[in-house]
Amino acid sequence: PDGHTVLLTVVPDGPVAGARLATLDIDAPGNPVTVLEGAGVARYVPTGHLLYTSGSALKAVRFDRRTGRPVGEPTTIPDVTIRPSGDNGAAEFAVSDTGTLVFIAPFTRVQPQVLTWVDRNGKEEPLPIAPGSYLFPRVSPDGARVAVDIPGANRDVWIWSAQRPTPV
């Protein structure tokens, strides 16, 4: 919120459970300063709180922007379970500036998924990509490309382009 501090997750070489939240001042780069241990994927919300994952819980804690430190004890958000990725801690949740929270509850992916365009009128059109395990799809601002995370032994981000309909 101050325009010069980045909030990031530092993921260890070992289990992602050892991740920590840290800040980094982009005007005076150096080593990240730890904010919380055993936490990841934080979002700063306009109420002055950090929303973050800790294991499968989603938690919130007041955050002092001046000191870059949490204030008080964290609170677990009730009825929300998150499954962070085992290799990088990424979690499928987002929160708007108005406080609306959206998350994807943990589930076991049994069937391959089909990536599908849905226009503003609700018309669905499957992308010409083989069904598979796709995570965290993101559409480019111009709507011509889709980036997806394809899990496996080697985590990769693939780009599908409407002009070149083969993921690269």
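How many bridges join strand S4 to strand S5, and in which sense do the two run? I looked this up in what is a predicted model. Strand S4 covers residues 40-45 and strand S5 covers residues 49-54. I found four bridges between them, and the strands run antiparallel.

**Entry: the S4-S5 turn.** I checked how the chain passes from S4 to S5. The two strands form a hairpin, with three residues between them. Gly-48 sits in this turn and has a positive phi of about 90°. For Val-45, I noted His-49 in S5 as the bridge partner.

**Entry: S5 to S6.** I then followed S5 to strand S6, residues 57-64. This pair is also antiparallel, with six bridges. S5 and S6 form a hairpin with two residues between them. Gly-55 is in the turn, and its phi is positive, at about 65°. Ser-54 has Ala-57 of S6 as its bridge partner.

**Entry: the S12-S13-S14 sheet.** I recorded an open sheet of three strands in the order S12-S13-S14, with antiparallel pairing. Which strands stand at the edges? They are S12 (135-139) and S14 (156-161); each has a single partner strand, so one side of each is left without a neighbour in the sheet. On average, neighbouring strands of this sheet are turned by 20° against each other, direction ignored.

**Entry: S13 against S14.** I went through this pairing separately. Strand S13, residues 145-150, pairs with S14 in the antiparallel sense over six bridges.

How values were computed:
Residues are numbered from 1 along each chain as its sequence is written. This is a predicted model: local features need pLDDT of at least 70, side-chain atom pairs count only at pLDDT 80 or more; totals for chains, interfaces and linings use all residues. Side-chain values use heavy atoms; hydrogens and water are left out. Two strands pair if DSSP finds at least two bridges between them. Axes are lines fitted to C-alpha atoms, for helices over the stretch in contact, and angles run from 0 to 180 degrees between N-to-C directions.
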